[in-house]
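Hello,

Here is the structure I promised to pass on. Please open it first, then read my notes below.

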Amino acid sequence: MSALPPGDPSDPSGTPGAAPLPVQGETLSRDELRRYGRPLLVPEWAHSGAQERLRAARVLVVGAGGLGCPVLSYLGGAGVGTLHVSDGDTVSLSNLHRQTLYTVGDVGRPKAQVAAARVQALNPHVQVRAVEALGAGRPDLLDGYDLTVDCTDNFDTRYLINDACVAAGRRWVWGAAGGTEGMVSVFGPECSLRDLFPEPTGAESCDEIGVIGPLLGVVGSLMAAEALKVLGGIGEPLIGSLLIYDLLEARLRRIGLRPARAAAAVSL
């Protein structure tokens, strides 16, 4: 949920695939087969063991706001086995037009706790809980996860996630949205947020520039889809690519990125 820095990605490059997680654990129960019946009708998902991989996965979602709400809802509903929520903020009245996990009665309550409870109620087959808010000096809080999803709205936390994941050779899903535009990518050893934006540029959050509510739903859903592709080992994740969504023009653009040139590549 941030302002989008200036630039215009115009240098496409090849997009490497993500290595899937190994299939682990017991076969799906009868209730799980009923619950996940619709995705299991999709050949690319069903025949790859993606649902079993998802059940064995451990995912950390950092940020339970406008992007985090759809990400958490879709990952929890899809069957991510262990889903942890990190957010140090509380629900405010101005959040409710776009942060769909919350109600008026939640104003003033911790977002991570409320979001975790709502997603847990959605799917009893997954383990959802709030964890300590990510902060400077604690990159170890990212340890032990198969994937991190960055739904934050401030540069300090974004770069903290970036640097910790790069140092550990981990992959993470990143998204940002503000005003009427949003972006999504899957970062890792090939290309990171610092390659794209070496320095913070522009306003940090929707509190500063505003946002049209459904934009967060679109961008958050795209982030959830990328997370499912990475975890399930299907399709072509946005590794080395940036997806840009323009709400006003109903337009999507996918731009290839190269680490050495990404910093000069972005213009919306």
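Let me begin with one residue. Ala-176 counts as buried, because its relative accessibility is 1% and the cut-off for buried is under 20%. Ala-176 is part of strand β5, residues 172–178. Asp-150 sits 26 residues away from Ala-176 in sequence, yet the two C-alpha atoms are 8.8 Å apart in space.

Keep in mind that this is a predicted model.

Now the overall picture. The protein has 268 residues, and 52% of them count as buried. Nine helices and eight strands make up its list of elements. The exposed surface comes to about 11400 Å², with 53% of that supplied by carbon and sulfur atoms. Take the contacts with a sequence separation of 6 or more: 70% of them join residues 24 or more positions apart.

The largest nonpolar core holds 49 residues. Those that touch the most other members are Val-59, Val-61, Leu-72, Leu-75, Leu-83, Val-149 and Met-223. Helix α9, residues 213–232, gives this core its largest share, nine residues. Another core lies apart from it, with 26 residues, including Val-62, Cys-191, Phe-197 and Leu-242.

Leu-75 deserves a look of its own. Setting aside neighbours within four places in sequence, Leu-75 contacts Val-59, Val-61, Val-80, Leu-83, Val-149, Ala-224, Ala-227 and Leu-228.

The buried ones are Gly-68, Cys-69, Pro-70, Val-71, Leu-72, Leu-75, Gly-76 and Ala-78. Their cover includes α3 (50–56), β1 (58–62), β2 (82–86), α5, β4 (147–150) and α9. After α4 comes Gly-79, with a positive phi near 110 degrees.

How do α4 and α5 pack, and at what angle? Helix α4 (residues 68–78) and helix α5 (residues 111–122) meet at about 30 degrees, and their axes are 9 Å apart. Their crossing is right-handed. On the α4 side, the contact uses Leu-72, Ser-73, Gly-76 and Gly-77. On the α5 side, Ala-115, Val-119 and Leu-122 take part. By class, that contact has four nonpolar residues, three polar ones and no charged ones.

Best wishes

Conventions: Residues numbered from 1 in each chain as written. Predicted model: local features only at pLDDT ≥ 70, side-chain atom pairs only at ≥ 80, totals over all residues. Heavy atoms only, no water. Axes fitted to C-alpha atoms, helices over the stretch in contact; angles between N-to-C directions. Helix = DSSP H or I, 4+ residues; strand = E, 2+ residues; numbered from the N terminus. Left-handed = near helix turned anticlockwise from the far one by under 90°. Contact = heavy atoms within 4.5 Å. Nonpolar A, V, L, I, M, F, W, Y, C, P; charged D, E, K, R; others polar. Buried < 20%, exposed > 50% of the residue type's maximum accessible area, 1.4 Å probe, protein only. Areas by Shrake-Rupley, 256 points an atom, 1.4 Å probe, with all protein chains shown as cover. Core = buried A, V, L, I, M, F, W, Y, C linked by side-chain atoms within 4.5 Å.
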